[in-house]
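Please open the model in your viewer and keep the selection panel at hand. The tour goes from one selection to the next and says what to look for at each stop.

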4 protein chains.
Amino acid sequence: MDFRTPSHLVPILERIRSFVDSELIPLEPLFLLGDFDALWPVLEEKRAMVKAERLWAPQLPTEFGGTGLSLLDFAFISLELGRSVLGHYVFNCQAPDVGNMELLHQFGSDEQKERYLKPLAAGEIRSCFSMTEPEFAGSNPVYMATTAVKDGDDYVINGHKWFSTAAEGAAFTVVMAVTDPDASRYRRASQIIVPLDTPGFRIVCNTPVMGDRGSGWASHAEVMFEDCRVPQSNIIGEEGAGFAMAQERLGPGRIHHAMRWIGICERALELTCRHAVGRRLSSNQFLADQQTIQNWIAESRAEIDAARWMVLNAAWLIDTEGAYAARVEISTIKFFVANVLQRVLDRAIQVHGGLGVTDYTPLAFWFRHERAARIYDGADEVHKRVLARRILKPYREA
Amino acid sequence: MDFRTPSHLVPILERIRSFVDSELIPLEPLFLLGDFDALWPVLEEKRAMVKAERLWAPQLPTEFGGTGLSLLDFAFISLELGRSVLGHYVFNCQAPDVGNMELLHQFGSDEQKERYLKPLAAGEIRSCFSMTEPEFAGSNPVYMATTAVKDGDDYVINGHKWFSTAAEGAAFTVVMAVTDPDASRYRRASQIIVPLDTPGFRIVCNTPVMGDRGSGWASHAEVMFEDCRVPQSNIIGEEGAGFAMAQERLGPGRIHHAMRWIGICERALELTCRHAVGRRLSSNQFLADQQTIQNWIAESRAEIDAARWMVLNAAWLIDTEGAYAARVEISTIKFFVANVLQRVLDRAIQVHGGLGVTDYTPLAFWFRHERAARIYDGADEVHKRVLARRILKPYREA
Amino acid sequence: MDFRTPSHLVPILERIRSFVDSELIPLEPLFLLGDFDALWPVLEEKRAMVKAERLWAPQLPTEFGGTGLSLLDFAFISLELGRSVLGHYVFNCQAPDVGNMELLHQFGSDEQKERYLKPLAAGEIRSCFSMTEPEFAGSNPVYMATTAVKDGDDYVINGHKWFSTAAEGAAFTVVMAVTDPDASRYRRASQIIVPLDTPGFRIVCNTPVMGDRGSGWASHAEVMFEDCRVPQSNIIGEEGAGFAMAQERLGPGRIHHAMRWIGICERALELTCRHAVGRRLSSNQFLADQQTIQNWIAESRAEIDAARWMVLNAAWLIDTEGAYAARVEISTIKFFVANVLQRVLDRAIQVHGGLGVTDYTPLAFWFRHERAARIYDGADEVHKRVLARRILKPYREA
Amino acid sequence: MDFRTPSHLVPILERIRSFVDSELIPLEPLFLLGDFDALWPVLEEKRAMVKAERLWAPQLPTEFGGTGLSLLDFAFISLELGRSVLGHYVFNCQAPDVGNMELLHQFGSDEQKERYLKPLAAGEIRSCFSMTEPEFAGSNPVYMATTAVKDGDDYVINGHKWFSTAAEGAAFTVVMAVTDPDASRYRRASQIIVPLDTPGFRIVCNTPVMGDRGSGWASHAEVMFEDCRVPQSNIIGEEGAGFAMAQERLGPGRIHHAMRWIGICERALELTCRHAVGRRLSSNQFLADQQTIQNWIAESRAEIDAARWMVLNAAWLIDTEGAYAARVEISTIKFFVANVLQRVLDRAIQVHGGLGVTDYTPLAFWFRHERAARIYDGADEVHKRVLARRILKPYREA
């Protein structure tokens, strides 16, 4: 048993941390105050720096321009990147692109890799993922109305999706659609690539989320597929494998998210400590001297540590035994870490007082936009049920 | 002992509830999606309707165009109005104007009443309140840098304030400024009226709060007073009474807020129930059938009821024995109800899933903007300390 | 609306409080350290004093030797008595006798009142109630195996019960038994009086509960009914009415319990404050100066107040509109107050440190024996479900 | 990085688990129902079996008859032993003896090792530890009244202690006493061995703790030292090192406790699952089908996992870098795991309903006796303050 950070990783993490501190955190106000037009060009410069540093796409194998690191390694990196709202994007490992890259890498045809994965990996294009439908509960992922019907060499897709994150400005989406309504529950749907310039596809709007329609990568579109026709070769993997691949996609995806959340927590705690020691309450007392503040710092620290070990163990387990072997751990971290995140952010805001609800720190952004962490990719309730049933199974059979 | 809603109030509450449901809730999307230019004119029409219905300014005595109801009566009304994000504004009992009206009514000179209270009560002008300073912890209300120095017949005011809610478009502010730095701790500051067209006053910006700079009444300004000169007759009450009047102002103010929060909770619970019974999870199961959802509905109901009785009792106590006698109760409701509010909203959002984080319901607005309820007018921690010290006092003396 | 304690009650409450402080609290160590042989005789003296003071059986009408007060009045008294572990017993309003008295008073025949209610009301005998069965989940009160079969003029009862509180030394039990297994769900069972000297009845043992088998009134027996024969005239109310009467019994019963719990909370908070001001942490600091301790005191105070208003309102509603009209409120207080109780006790123990887990204060007794408050008379989960379904009903029908 | 259980340990853990299941759990009713006279002799047989199996004293080096395993290894074992209330005692690694063995092994003189450690390690005698004083807050460990004054070749000890766990039947105690009141705060006290047959030592009583005075090893004595005279050679380590050694003792001690608590949690979860699948709610529904129960199982599983990784990491850190390097982690696990324990037990009891508060499972024992886990060896509040101050230190210095 060994709890040491892998030694090859230590210098990489230091370089990334330093890059985030010096290059990205200073840009956060542009993002937080919504000055996207000024922001996007500067971010392109930063992305070029990351490429030049050979830190680009840390989740990808080297053949696709990545670092060739393990999932466990990437988990550590995701934490460092998560400390800034800009980290993952600048390193080209932002959701939903990161999921699409992993999907295409694992299941894509050679042609798909050439046409979609390569430019995505290079950061030349962006993509999105169209799964959730406004009329259906996301907690039941096999329950959906979007269909892809074969017609000649094509699929003709009809459906209504929302939370197609980052659709604005994306080159293509991966849509989850029912290809065989008569198949068994988990074999009905497939995942199909739809370039966004395909006739019949349209963005209805960027959904206003927590007061904010967002922009580009940082937006969540509602989209329509109306007799949207793509070649059958655009299917990823085999027909009916949509649900299975979505599950597969979510395994590492939850590691990414969970470590990103822990990165957010670490930053929130840093901001908390810095504010607490600097904020004078009276001539001889600082906020950091208050026992309540100290309690919160200790509680956040403990919860963050607990969360980190759980996620690192899950990443290690996926690396060593595969995502299937780690499915209990993956469900566990999803709800556990998302709740730690919410509590840590809540405490951080309370310590900051009025400042905490302004956009002069990233806390308020995270507070409102990461509220969804307990909802997306399976709400807390869904994961708890999954976990409990797995735990109960041997007892029922006994 | 009698827990019945006062009978004279029942028909009034029904009329208000019906007005909110039919006239205001349909307008909420304009507010929630930020279409303020379309919104403000329609709201003026609604305000005219409220006046015509003689429901205007329910917190004010009839001589100022109000309803002449008691604080307890107004508490019930505030709950009904709180069910919509637009309720208090349309009835002219929105913060911070409502506080300024009460202040001027109680402590203002005849001239001040004529010049400031009357048009405010009539809804012809708006006002703001400038107390919090970015450089000082709001939890210590006697700790501030803004000064008002006598010069001839004037005060010359210098200082930097933020969270001057609704300054944009307001006619005047009431500023808290140190008039005698050598006085005892609680006698240093005074409250002074400053018309916003006074030279030396400027709005630095609307502070971005939870992703949103807001507009007009729904905004929080950062403001500067630079050699800002007003006649000494603009002082409200006597010199050095600023802190005492602020405390006095906060008594009923906390009733207003707390009942507004309970109104929010009631609406959140209504939305929750409606969504839960309508949301199908599978062919034969609805969200409302889930035990977890039922637990949350029950817990929210219980907490809302608990909160409501506490606030009604506090309002009744202020009516019957005065704000001073009720100070323990006032501190208690402030933190208790603000925390109930946060939990109820959090559960409501979780039940709504993805929809809950969009701006298609008011939940996301309240989730982000009422996070400050645990901070403004005294953070939880401040009120808990005040309450605990009062409870401990007889034991220390024993 | 009026939140004042009824004026006729004020002097009564003062007398009771003074009696509890001077006569009962000094006896608590005998109870807490298990010196029951010394305790029971002294308690009889105290009961005689209570009778002489005409405070006896405050829940009963005067014709049965009680005070003739309303349920709301009794709620206030129950709080005062709850401050001591001995209060309810000494005033003859202890569970389960109080429930049996109410049952017999409301539904008993004249003969039953003469034979069972009178000596019970006079405190000459004690009784118990046999409902819960070890093999069946208490959360489903219509699911049980005990039967009462007619044979000649008798019922022949067979069954196995536990948590027959206070059976040791009792004169009779009221047993819930199935009299018609073919009736509809809620009409199967009846309540039948069984004198404990009836052949076929036996106490298996006092169940060890939280480390303690208890003694006499303060014990929980496991009992067997084996061909236990009683005259059919021993049935209370009509056949099949067992469940309905149990529900009826529980309405006021929950007021009693909930106010008793609030009395416990008040005492726990008193002990907390007294310990905190007296406990020196260092030469110049006391426990009461710690912000964490102050937070807990404030949180407990707020929760106790919230709980008290809810229960008083429920009692008032039962008095004015009957138990059926108040059923939502009754379910709500059951789980809300039981959870407040657990949190308040937990904080009180933590403040007391090592002393808190000893039996030198009543806190440890309450901590372990009132853990069951979230279980008996319907677990939290049951009440939440009941409450949620009632709240959801109009939405489902809409 | 490697999260695998050390391979040499796997068969040992399996043997221990099997021994606990087959030999100890069946004996628990004797313990839980207080039948100590029957219990102690059987436990001696089990201890002999453990010795024969060469699993005895797993925390000790082989030269003292132990297994020679690392602290990390012992952590895993402590979890397995913690699943039964009898585990640690039967393996001779029960508190407080385990701490005294570690203390004597690390700091004892050769003579002390021969005379006290050897028989302790062999399980021939028991011991206790006398630190806490009823008159002083345990949260301030340098604040005490017990003194040891040199007189000739002896120390003359006077003082009053309680929570001298397991004093009844012990051969000696280690007492913490002030040897130099004028020394700096942390150098005042020393640890001195006092055989319990020393004149002037007496057990005042076994303190009643949570309704229970206990017996032998399972008791907590209040003791007096009245002119109690022991040779100066009975001091452990050097004079004034008492506090430092206590800190040293607590490092591994917290690993032992924390892993024991996790063992308790695992057992509580096993009992929960078994009860939930076996408990029928109606003809076609079991407790395990309830979503609330499933939520609790999932939440407990997640919290237990989180706790386990934190403790294993802390043990590993002590093994690899020493207790001083791990002091932040040691403070963190103390309060984090103790709180997980309390929540897991609380949920387990709630699932068990009435059965949960009886002594027919070990849950009620743990619920009441492990409430102290948040108090002994530093209350939550103390550890949070320690942790927060260490976290804040670099920020204050920046």
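Two residues are said to be in contact if their C-beta atoms, placed from the backbone, lie within 7 Å. This is a predicted model, in which local features need pLDDT of at least 70 and side-chain atom pairs count only at pLDDT 80 or more, while totals for chains, interfaces and linings use all residues. Residues are numbered from 1 along each chain as its sequence is written, and chains are lettered from A and ligands numbered from 1 in the order in which they are written.

**First stop: two helices in chain B**

Select residues 10-24 of chain B, which form helix 1, together with residues 71-82, which form helix 4; helices here are DSSP runs (H or I, at least four residues), numbered from the N terminus. Show the side chains, and you will find Leu13(B), Ile16(B), Arg17(B) and Val20(B) of helix 1 meeting Phe76(B), Ile77(B), Glu80(B) and Leu81(B) of helix 4. By class, this contact has six nonpolar, no polar and two charged residues, where Ala, Val, Leu, Ile, Met, Phe, Trp, Tyr, Cys and Pro count as nonpolar, Asp, Glu, Lys and Arg as charged, and the others, Gly among them, as polar.

**Second stop: chains B and C**

Now colour chain B and chain C separately. Chain C can be laid on chain B with an RMSD of 0.0 Å by a turn of 180 degrees and a shift of 0.0 Å along the axis, the superposition being by least squares on the C-alpha atoms of residues with pLDDT of at least 70 in both. The two copies are thus related as by a two-fold rotation axis, and 100% of the contact residues of chain C recur in chain B.

Each of these two chains brings 37 residues to the contact. On chain C, select helix 8 (242-278), helix 9 (291-321), helix 10 (327-352) and helix 13 (380-397), each of which supplies at least two residues of the side that touches chain B. Helix 9 of chain C gives the most, with 16 residues. The residues of this side of chain C divide into 23 nonpolar, five polar and nine charged.

Definitions and conventions:
Axes are lines fitted to C-alpha atoms, for helices over the stretch in contact, and angles run from 0 to 180 degrees between N-to-C directions.
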